[in-house]
Amino acid sequence: MRIPLIPRSVIVAGMLTGATLTAPTAFADQQTAIFGGGCFWCMEEAFDKIDGVEATVSGFAAGKTENPTYQAVSAGGTGYVEVVQVTYDTDKLDYEDLLYVYWRNIDPFVANRQFCDEGDTYRSSLLPLNDEQRSQAQASRDAIAERFDQPIETLIEDPGTFYPAEDYHQNYYQNNKVRYTFYKNACGRPDRLKEIWGEEAMPHAAPGQQASS
């Protein structure tokens, strides 16, 4: 029996009581990176697996208004994309390592959606914080385009101001394991990633770490 797709909005609907919005986080140096890969719960899990990632924060970037809420972003029209802000140890990882992990956790062939979540809020997007990251992001996108015989829909955008999402979104995959696992699997994320990336899908280590993982 095929499990019906469950958009994340259905799960979130009953969880808004008592939510608070954390103060905006200022962009840091090259130890910080921002990625839009659809559901930020899933992207937190993806990067938290990697040795050298010190923290992940679910939030919003590339939008037009101040202090966005999840409800406002989900309703559309704000320009924001769901993102994860990654803080990492540069002695263990570099931005190119994070790009490797990023690509293998998204479907780069679809516009304004990821898996069962639809709308421009869920667009896949690289949001470089400086010229070096932008150059590396473009090079990685070009490499992915050469690898696959399909157009790549992942954008490279100006991040603007990053705003953390409400507290109940942070570490959701850890704090709500049953709901999260059902959502992720019913949404078809693991299966689609394996279809695209094969054994490279959802890595538990960056390339230079894989020999010892």
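Modeller: Arg-123 is found in the loop between strand E5 (117-118) and strand E6 (124-126), where strands are DSSP runs (E) of at least two residues and helices are runs (H or I) of at least four, both numbered from the N terminus. This is a predicted model, in which local features need pLDDT of at least 70 and side-chain atom pairs count only at pLDDT 80 or more, while totals for chains, interfaces and linings use all residues. Residues are numbered from 1 along each chain as its sequence is written, and side-chain values use heavy atoms, without hydrogens and water.

Arg-123 has 7% relative accessibility and therefore counts as buried; the term means under 20% relative accessible area, with exposed over 50% and partly exposed in between (1.4 Å probe, protein chains only). Its side chain reaches two backbone oxygens: that of Gly-79 at 2.8 Å, and that of Asp-120, which lies 2.8 Å from a polar atom of the Arg-123 side chain. Such a polar contact is a pair of N or O atoms within 3.5 Å; within protein, one must be able to donate a hydrogen and the other to accept it, and residues adjacent in sequence count only if both atoms are side-chain atoms. Contact here means heavy atoms within 4.5 Å.

Val-81 belongs to the range of strand E3 (residues 81-88), in which Glu-82 also has its place. Glu-82 is buried because its relative accessibility is 1%. The side chain of Glu-82 reaches the backbone nitrogen of Phe-40 at 3.2 Å. Glu-82 and Tyr-163 are 81 residues apart in sequence, yet 9.9 Å apart in space, C-alpha to C-alpha.

Helix H2 (residues 40-48) packs with helix H4 (residues 95-103) at an angle of about 130 degrees, their axes being 10 Å apart. The contact is made by Met-43, Ala-46 and Phe-47 of H2 and by Leu-98, Val-101 and Tyr-102 of H4.

For the protein chain as a whole, the secondary structure comes to 8 helices and 8 strands. Buried residues make up 51% of its 213 residues. Among contacts between residues at least 6 apart in sequence, 79% join residues at least 24 apart.

How values were computed. Axes fitted to C-alpha atoms, helices over the stretch in contact; angles between N-to-C directions.
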